[in-house]
Amino acid sequence: FNGEQKDDSTSSFMRDLMDPKLLTKPINTAKDKWRMLPAFLKVRGLVRQHIDSFNFLINVDIKKIMLANQRLRGPSDEQ
């Protein structure tokens, strides 16, 4: 991406990203996720990714946290 020579595993990984059969395949390793990050940010943009991540937190994760902790107690509840 910045003119550096890519090793064979990176080139192979990038070719795999273009294979339609592999596009929906999960990316399991952290190393592969980091390799994909520059292309992801180039396509989506950093700001859009941050907004989508925040929206996911608000719309999905906060609800899961609230459901996991349904019984909330405040200082006035203690006896």
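A residue is called buried when its relative accessible area is under 20%, exposed when that area is over 50%, and partly exposed in between, as computed with a 1.4 Å probe and with protein chains only. This is a predicted model, in which local features need pLDDT of at least 70 and side-chain atom pairs count only at pLDDT 80 or more, whereas totals for chains, interfaces and linings use all residues. Residues are numbered from 1 along each chain as its sequence is written, and side-chain values use heavy atoms, with hydrogens and water left out.

The protein has three helices and zero strands, where helices are DSSP runs of H or I with at least four residues, strands are runs of E with at least two, and numbering starts from the N terminus. Read from that end, the order of elements is α-α-α. Of the 79 residues, 8% count as buried, and the accessible surface comes to about 7300 Å², with 58% of it belonging to carbon and sulfur atoms; such areas come from the Shrake-Rupley method with a 1.4 Å probe, and for residues only the protein chains shown count as cover.

Two packed helices are described by the angle between their axes and the distance between the axes. Helix α2, residues 30-44, packs against helix α3, residues 46-68, at an angle of about 90 degrees, and their axes lie 7 Å apart. That makes α2 roughly perpendicular to α3, a label for angles of 65 to 115 degrees, while angles under 35 count as roughly parallel, those over 145 as roughly antiparallel and the rest as oblique. The axes are lines fitted to C-alpha atoms, for helices over the stretch in contact, and the angles run from 0 to 180 degrees between N-to-C directions.

On the α2 side of this packing, Phe40, Leu41 and Arg44 meet Leu46, Arg48, Gln49 and Asp52 of α3, contact being heavy atoms within 4.5 Å. These residues divide into three nonpolar, one polar and three charged. Arginine 44, which is in helix α2, is partly exposed at 34% relative accessibility, and it touches Gln49 and Asp52 when residues up to four places away in sequence are not counted.

The structure also holds two salt bridges, each defined by a side-chain nitrogen of Lys or Arg within 4 Å of a carboxyl oxygen of Asp or Glu. In one of them, arginine 48 and aspartate 52 meet at 2.9 Å, N to O; these residues are four apart in helix α3, and therefore separated by about one helical turn. Arginine 48 is partly exposed with a relative accessible area of 40%, and aspartate 52 is partly exposed at 28%.

A salt bridge also joins arginine 35 to aspartate 32, with the closest N and O atoms 3.5 Å apart. Both residues lie in helix α2, three residues apart, about one turn of the helix. Arginine 35 counts as buried at 18% relative accessibility, whereas aspartate 32, at 21%, counts as partly exposed.

Key:
Ala, Val, Leu, Ile, Met, Phe, Trp, Tyr, Cys and Pro count as nonpolar, Asp, Glu, Lys and Arg as charged, and the others, Gly among them, as polar.
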